[in-house]
Amino acid sequence: MNGTRIVSNLFGPSLAVAIAVGLSGTAAACGGGGSSGGGVAMAPATAAPATPGAPSPVTSPTQGGGTTPISWEPAPAGGARLGINLGYVTHYMPDWPFVDVFKTSQVNSEGFPWKVVNPKGAKNPPLDAEGYPKGLAAGQAVTAICMSGGRYPGGVYTLLFDGEGEVQLSLDAEKTSVSHDGRGAVSRPVTVKPTSSGIQVRIVRSNPSNHVRNIRLIMPGFDERTTFHPLFLQRLQPFAVLRFLNWGRVNRSRISKWSQRTPVGYRTQSNEPGVAYEYMVQLCNTLGKDPWICVPHLADDDYVRRLAALLRDSLDPRLKVHVEYSNEVWNGIFSQSGHVKREADKNKRSFVQQYVARSVEVFRIFEQTFGGTQRLVRVISGQSNNAGIAKQAVAALPPGAADALAIAPYFGGHLGNGKNWQATRGLTVERLIDACAQDIHNRRNEVRTHLALARSAGLQLVAYEGGQHLAGVGSAANDPRLVNLFIAANRHPRMAQVYREYLTMWRTEVGGLFCHYSFVYGPKKHGSWGALEHMAQTGAPKYDALVEAARAWHGR
């Protein structure tokens, strides 16, 4: 599929040409990883005001400077549907969800939402409810990095903030120091030339009686009325369901109380509790996509009830909520697995019985809040290559308590494990792709086994994740030859054909929802998970095959 034509369909030829020109000016545009530098030139676009949580139209530039709303209808109910798992919102991911890039800015690894420059003996500054320092001591400063993943739009950005103080920009941004007396909001244009260093934002002075806050750094051609980048919206458009596992930072979550969640106005959406649910809702309302929400494993009943109420009241009523308790609780690398085991021991249940019991409690809170199950898809998950987990889950599930059994039927995962990786590293790319194609047969058998289990309990079978799984396990991830081989296979044009065969297998055997993992992710030693390596990539074999299938499955 021609990448320029994809862009042109929604945004018109001027934006498509701008993207094509921006890519042609960078080396290996279709093969560059998310960590590489290089900017993408973007033409201006305008959009209607957006309110988090409220339905809002997709808009596109038109001649004369107006906007054209794009209406949507939900994907047909039942039958095969394609969904996608979104990546993490961080400063280094190569997608551009927000036109305000400060929303993706860095959080300190110690959990404090800034890197702090402290004079000797000084403590970290106290923060307001949205994560901004209430003031700074003499010689003290706080910094954050945005867009360090490379391959993002260059040009003239707009820096805005409220309060009295001084904000400095550097690295990819021209060195700029903006002082403000606190009367109204300040707005300053800043030229940005993208590299993998990113944009550094630093507060060096802040009046405690009117502290610096509400920083925005808006991409070229937009203003703060626009929430999501049009290319981000356009490239999600083919999919019917958006799974927010990573937006919610559900794996290893430490969040239990509703008060701990990230507010809409918090200084970054890359905070530990994940992206504000209001933004998830706004994205789904904008595009007309069903959300798949993974509830944190420590979330108490009040959290679950408030989450359900927010979704009930703000999600477009034509859309359904897929609700799942945590993610892969069987997977011992995640803290949710240990939590479920401890709860199982405490309640004298088996591990799977405890997982099902808490899942059903979450489902019932959603049912009570929504007044029934009409707008819900309640999901119990198993492990694709271990049917025993699904068998136990189905046995423990009360009749009518769930709607779907979910698995992740990845292919090619065995090629990077401890038993096989040394043999794999000696293969050519062509032979490796042959092995991936052959592995689809094994996945077919796993799918058939789980489909029978699902049907025995009156459940749909769905895929919460899936796609290729070419990744080295353990020390294999540090072998350069193996890593480069896996990356090359993901980029090879034949990978599109393997995906076609794989998705055809799923549609033929199951005909239900399949959520690919993931949307945008630069290739790394631990895997090439993205359908796209960066937001503006063209000629992406996996993405092109997914879009082709989505159009066929959804009849559009």
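Me: Where is Arg 249 found?
Reply: Arg 249 is in the loop between β12 (241-243) and α3. This is a predicted model.

Me: Why does Arg 249 count as partly exposed?
Reply: Its relative accessibility is 23%. Partly exposed runs between the buried limit of 20% and the exposed limit of 50%. Arg 249 therefore counts as partly exposed.

Me: What is the phi of Arg 249?
Reply: Phi is about 45 degrees. That is a positive value, although Arg 249 is not a glycine.

Me: What about Gly 248: where is its place?
Reply: Gly 248 also sits in the loop between β12 and α3.

Me: Why is Gly 248 called buried?
Reply: The relative accessible area of Gly 248 is 10%. Buried means under 20%. Gly 248 is therefore buried.

Me: Which residues does Gly 248 touch, not counting those up to four places away in sequence?
Reply: Gly 248 touches Pro 273, Gly 274 and Met 280. Val 275 is 27 residues from Gly 248 in sequence, yet their C-alpha atoms are 5.7 Å apart.

Me: What makes α3 roughly parallel to α4?
Reply: Helix α3 (residues 277-287) and helix α4 (residues 301-314) pack at an angle of about 30 degrees. Angles under 35 degrees count as roughly parallel. So α3 is roughly parallel to α4. Their axes are 10 Å apart.

Me: What is the hand of the crossing of α3 and α4?
Reply: The crossing of α3 and α4 is right-handed.

Me: Which residues make the contact?
Reply: From α3 come Tyr 277, Glu 278, Val 281 and Asn 285. From α4 come Tyr 303, Leu 307, Leu 310, Leu 311 and Ser 314. The contact of α3 with α4 divides into six nonpolar, two polar and one charged residue.

Me: Why are α5 and α6 called roughly perpendicular to each other?
Reply: The axes of helix α5 (residues 335-347) and helix α6 (residues 351-370) cross at roughly 100 degrees. The range for roughly perpendicular is 65 to 115 degrees. So α5 and α6 are roughly perpendicular to each other. Their axes come within 8 Å.

Me: Which residues make the contact of α5 and α6?
Reply: Helix α5 brings Ser 337, Val 340, Lys 341, Glu 343, Ala 344 and Asn 347. Helix α6 brings Phe 351, Gln 354 and Tyr 355. By class, the contact of α5 with α6 has four nonpolar, three polar and two charged residues.

Me: Why does Gln 383 count as buried?
Reply: Gln 383 has a relative accessibility of 17%. The buried class lies under 20%. Gln 383 therefore counts as buried. Gln 383 lies in the loop between β15 (376-381) and α7 (387-396). Not counting residues up to four places away in sequence, Gln 383 touches Trp 330, Ile 389 and His 450.

Me: Why is Gly 416 called buried?
Reply: The relative accessible area of Gly 416 is 0%. The cut-off for buried is under 20%. Gly 416 is therefore buried. Gly 416 is found in the loop between β16 (404-407) and α8 (421-424).

Me: Which residues does Gly 416 touch, not counting those up to four places away in sequence?
Reply: Gly 416 touches Trp 421, Ala 471, Gly 472, Val 473, Ala 476 and Phe 486. Gly 416 and Val 473 are 57 residues apart in sequence. In space their C-alpha atoms are 5.8 Å apart.

Me: Why is Asn 214 called partly exposed?
Reply: The relative accessible area of Asn 214 is 32%. Buried is under 20% and exposed over 50%, with partly exposed in between. Asn 214 is therefore partly exposed. Asn 214 lies in strand β11 (residues 213-218). Phi of Asn 214 is near 50 degrees, a positive value in a residue other than glycine.

Me: What is the peptide bond from Tyr 517 to Ser 518?
Reply: That bond is cis, with omega near 0 degrees. Ser 518 lies in the loop between β18 (513-517) and α12 (541-554).

Me: How many helices and strands are there in the chain?
Reply: The chain has 12 helices and 18 strands. Of its 556 residues, 60% are buried.

Notes: Residues are numbered from 1 along each chain as its sequence is written. This is a predicted model: local features need pLDDT of at least 70, side-chain atom pairs count only at pLDDT 80 or more; totals for chains, interfaces and linings use all residues. Side-chain values use heavy atoms; hydrogens and water are left out. Axes are lines fitted to C-alpha atoms, for helices over the stretch in contact, and angles run from 0 to 180 degrees between N-to-C directions. Helices (H or I, at least four residues) and strands (E, at least two) are DSSP runs, numbered from the N terminus. Angles under 35 degrees count as roughly parallel, over 145 as roughly antiparallel, 65 to 115 as roughly perpendicular and the rest as oblique. A crossing is left-handed if the near helix is turned anticlockwise from the far one by less than a right angle, and right-handed if clockwise. Contact means heavy atoms within 4.5 Å. Ala, Val, Leu, Ile, Met, Phe, Trp, Tyr, Cys and Pro count as nonpolar, Asp, Glu, Lys and Arg as charged, and the others, Gly among them, as polar. Buried means under 20% relative accessible area, exposed over 50%, partly exposed in between (1.4 Å probe, protein chains only).
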